[in-house]
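Let's walk through this structure together, one local feature at a time. Keep the viewer open and follow along as we go.

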Amino acid sequence: SVGGGTYLWSPGGETTSSIIESPPSTTSYSVVYTLNGCPSASEIGPITVNPTPTISVNNETICSGESATISASPSTGGGTYLWSPGGETTSSITESPASTTPYSVVYTLNGCPSNSEIGTITVNLTPTVSVNSETICTGENVTIVATPLIGGGTYLWSPGGETSSSILVSPVVSDSYSVIYTLNGCESLPMVST
């Protein structure tokens, strides 16, 4: 109330009018102000420490054109969310990116933001495959070959259910054969050979 005196803080023993502290948990600091040899009553100023929340975020893998939901799971509920890109403020978001994209989220509880955590939606391209068409005479056979743009996948022919990249057929009348090519869990559109 009147300047010109001295200060004594506890804990710490500082003698300035103000102190800067960073306690790991809620801590009370008391100060005694002395003027003309007369000490004040001890006054207490607590610093309340709210814990920094933590969150975990899932990753997802999709094929081109699909969507996926990624969610933030906080250590303690009741806070707010902020996603980037997009700026959504919900605990989960549903996205359909054209290519692999990371999404970061910050969770804030009692004014304390978490570290930014990232959930990635990995986009596997939908594969493409081409097949040849052939003309034969009655009683002949012919090989139909599926040629994918990117190798390493699996094949499923119809009719017949063969799983090789090529099939040998001998139809008695004009017929069609389709193949679905699967790569990294993503299926091509059925391609038809006649």
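Start at N184, which counts as exposed at 57% relative accessibility; here buried means under 20% relative accessible area, exposed over 50% and partly exposed in between, with a 1.4 Å probe and protein chains only. Before going further, note that this is a predicted model, in which local features need pLDDT of at least 70, side-chain atom pairs count only at pLDDT 80 or more, and totals for chains, interfaces and linings use all residues. Residues are numbered from 1 along each chain as its sequence is written, and side-chain values use heavy atoms, with hydrogens and water left out.

What is the phi of N184 near? Phi is near 55 degrees there, a positive value in a residue other than glycine. N184 sits in the loop between β17 (177–183) and β18 (186–187). Strands, like helices, are DSSP runs numbered from the N terminus: a strand is E over at least two residues, a helix H or I over at least four.

Now move to N110, where phi is also positive, near 55 degrees, again in a residue other than glycine. The loop that holds N110 runs between β10 (101–109) and β11 (112–113). With a relative accessible area of 55%, N110 is exposed. As background, most residues other than glycine have a negative phi, and most peptide bonds are trans.

S10 and P11 are joined by a cis bond, with omega about -5 degrees. P11 has its place in the loop between β1 (6–10) and β2 (27–35). A cis bond also leads from S84 to P85, where omega is near 0 degrees. You will find P85 in the loop between β8 (80–84) and β9.

Strand β7 (residues 68–74) runs antiparallel to β9 and is joined to it by four bridges. If you look along that pairing, A68 stands opposite E95 in β9.

Finally, let's turn to the rings. How many aromatic pairs does a search of the whole structure find? The search finds three, where rings of Phe, Tyr and Trp (its six-membered ring) pair if their centres lie within 6.5 Å, and planes under 30 degrees apart count as stacked, over 60 as edge-to-face and the rest as tilted. One of them is Y7 with Y33: the ring centres are 4.9 Å apart and the planes at 45 degrees, so the pair is tilted. This pair links distant parts of the chain, with Y7 in strand β1 and Y33 in strand β2, 26 residues apart. Y7 counts as partly exposed at 27% relative accessibility, whereas Y33 is buried at 15%.

Y155 and Y181 also form a tilted pair, 5.0 Å centre to centre with 45 degrees between the planes. Y155 belongs to strand β15 (residues 154–158) and Y181 to strand β17, so the pair ties together parts that are 26 residues apart in sequence. Y155 is buried, with a relative accessible area of 14%, and Y181 counts as buried at 0%.

Technical notes:
Two strands pair if DSSP finds at least two bridges between them.
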